[in-house]
Amino acid sequence: MDAAYLRRQGRLWTLSMACHVVPFLGIGVGLLLLNLLAAPVAIVALLHAWIIPELYALRGANVVRSRSQPSEPESIAQGLLGDLLDHDARDLQRSTGLAMQQGELGTWLVGQAGALLVSGRRVYCFCVKATDPDLPPSDRIAHLLLALRSDERGFATVANLAFAGAPWRVRRRLDPEMRDALDAGRRISVRT
């Protein structure tokens, strides 16, 4: 995985999305031009054209959703994770649940079961997780963060790409507190 391959993957996602959406748009517009009595069917086709990208964006946002509730071991794990992060990233992680890491490919936002990569005008949603079910959430994040730091390209290669597209689509589907992390990642990505 390198930046060029990542861009190609993003373009393929855009092409795939266009292949899903354009036929429904064509059907909707064509039915309206053909006969106004077909307006209900045309509206359904246009709704499909809107819903399909939204469902993919939801799939992408789900990779960083919180999977478990805080517990006593979590407070200890939170302290250990805090040692891996600088001051600003630690505050961001505590408020959003996502740990920020700047990498070669862009700005990573690491959650319990996945990571978002903000690179250029796209966000890439990767599904990857630590396999031990007994780990507290912060330990899961720490495992993924250490794997990312040790081999960013390997991390991106092994993880499953769940979505690649416009940040605004994913942002709308994220939990409200996680939106701040995505906004911070976008600001940093623009600067670099």
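Reader: Is Asp175 buried or exposed, or partly exposed?

Author: This is a predicted model, in which local features need pLDDT of at least 70 and side-chain atom pairs count only at pLDDT 80 or more, while totals for chains, interfaces and linings use all residues. Residues are numbered from 1 along each chain as its sequence is written, and side-chain values use heavy atoms, without hydrogens and water. Buried means under 20% relative accessible area, exposed over 50% and partly exposed in between (1.4 Å probe, protein chains only). With a relative accessible area of 22%, Asp175 is partly exposed.

Reader: Which residue meets the side chain of Asp175 in a salt bridge?

Author: A salt bridge is a side-chain nitrogen of Lys or Arg within 4 Å of a carboxyl oxygen of Asp or Glu. The N to O distance here is 2.8 Å, and the partner of Asp175 is Arg65.

Reader: How many residues apart are Glu54 and Arg173?

Author: Glu54 and Arg173 form a salt bridge whose closest N and O atoms are 2.9 Å apart. Glu54 is buried because its relative accessibility is 4%, whereas Arg173, at 30%, is partly exposed. Helices are DSSP runs (H or I, at least four residues), numbered from the N terminus. The bridge links helix H2 (residues 39–61) to helix H7 (residues 167–173), and the separation of Glu54 and Arg173 is 119 residues.

Reader: Which helix holds Asp183, the salt-bridge partner of Arg171?

Author: The closest N and O atoms of Asp183 and Arg171 are 2.9 Å apart. Arg171 lies in helix H7, so the pair ties together parts 12 residues apart in sequence, Asp183 being in helix H8.

Key: Helix = DSSP H or I, 4+ residues; strand = E, 2+ residues; numbered from the N terminus.
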